[in-house]
Amino acid sequence: MSDLSGHLPLRVKLNGAALVNNWRALDRLSGAAKAGAAVKANGYGLGAVEVATRLIDAGCPHFFVAHWREAEELSAHIPATAISVLNGVLPEDRALATSLGARPVLNSTRQVKLWQSWDGGGCDVMIDTGMNRLGIAAADWSADFVAGLDLHILMSHLASADTDVTQNVAQHEAFMEMSAGVVCRARSLANSAGIALGADYHFDMTRPGLALYGGLARPELGDHITQVAQPQAQVLQVRALKPGDKLGYNALFEADRPMTAAVVAIGYADGYLRSFTNAGQCFANGKSLPVLGRVSMDLTIIDVSAAPDLQEGDWVDVDYDLARASAQSGLSPYELLTGMGQRMQRLWV
Ligand SMILES: *Cc1c(COP(=O)(O)O)cnc(C)c1O
């Protein structure tokens, strides 16, 4: 970066050791299966290249992205053969999909035929076991149908692994039935939450995403997973408030006593959505600093009465404990991570 590049008053600190430890824990919890890594949506917002290069060094054998563009970008940094593209192939993908070396996850009978007509080589296949999202439907499926493919991973995806519902058992049974007799190198069913459902769900490879990045997909993971992302923003202004002072757009907070407020450099354009209005908090020196009033595009006002020494230029931690921030905002941990804006500097520590 040149000396002239502008200073960014907000950043997200990313803990590389925590990321690697989370993968190691998930790999261990996957038992005889190997844990891969879902790095779609730019590594759940953290940065797919930074995530994947760290995890491949730690021994992670395989990575899952959504789009061919994502595979293309990642393949400049890790071997393309270690990448699968979950969203399959469209006719428009032909040139890249047949030259890059990454594998498509074929999701429909049409995609299987397309891939065969392109003589595309190694591939993965997704079968639908009850989620009715992507995957070849049971009605269209037979083991013979993929007999001619160079099939690496035969996979399915769990819809409700984060909860204890019979759908998990039903999907597991369907996967056992549909995958019986299929010639493939590996079978894969579990996402982060699925890993915690036990050995029956592990097969040959697991595909954690959320838990790599600190999300507790199920409470059982609580002892093994630590937070990776910590957003921080700088104080741009400190102001003394009198009773009756109104704050921010639409005056959604009104002081009922003398208070000290600080304006910090993060807003909904950075993924700190308006659902944190009067609900989120920041931390400085271990003190909770609640959000006051409406979050705006580039700015959020917080109560710093508990940290009266805070000054312009000081950094505060934005509370992004995924479970707590999720409860405060109504956003899922997935949305919190993937929503972190491009304006936030990614700072790996
Ligand atoms: C996103 C995704 C995963 C990872 O899911 P998490 O819940 O984040 O662990 C695994 N498999 C497929 C098919 C996915 O789309």
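Contact means heavy atoms within 4.5 Å. Buried means under 20% relative accessible area, with a 1.4 Å probe and protein chains only. Helices (H or I, at least four residues) and strands (E, at least two) are DSSP runs, numbered from the N terminus.

This is a predicted model: local features need pLDDT of at least 70, side-chain atom pairs count only at pLDDT 80 or more, and totals for chains use all residues. Residues are numbered from 1 along the chain as its sequence is written, and side-chain values use heavy atoms, without hydrogens or water.

**The chain.** It has ten helices and 19 strands. Of its 349 residues, 50% count as buried. Among contacts between residues at least 6 apart in sequence, 65% join residues at least 24 apart. The C-alpha trace spans about 75 × 50 × 35 Å along its principal axes.

**Helix H1.** Residues 16-29 form this helix of 14 residues. From first C-alpha to last, H1 reaches 20 Å, close to the 20 Å expected at 1.5 Å a residue (1.5 Å times one less than the number of residues). Its buried residues include Leu-19, Val-20, Trp-23 and Leu-26. Polar Asn-22 and Asp-27 are buried too.

Elements that cover the buried residues of H1 include these:

| Element | Residues |
|---|---|
| Strand S1 | 10-14 |
| Strand S2 | 34-35 |
| Helix H3 | 48-58 |
| Helix H8 | 192-195 |
| Strand S19 | 345-348 |

**The ends of H1.** At the start, a side-chain oxygen of Asn-15 comes to within 3.1 Å of the backbone nitrogen of Ala-17. Just after H1, Gly-31 has a positive phi of about 60 degrees.

Notes. A polar contact is a pair of N or O atoms within 3.5 Å; within protein, one must be able to donate a hydrogen and the other to accept it, and residues adjacent in sequence count only if both atoms are side-chain atoms.
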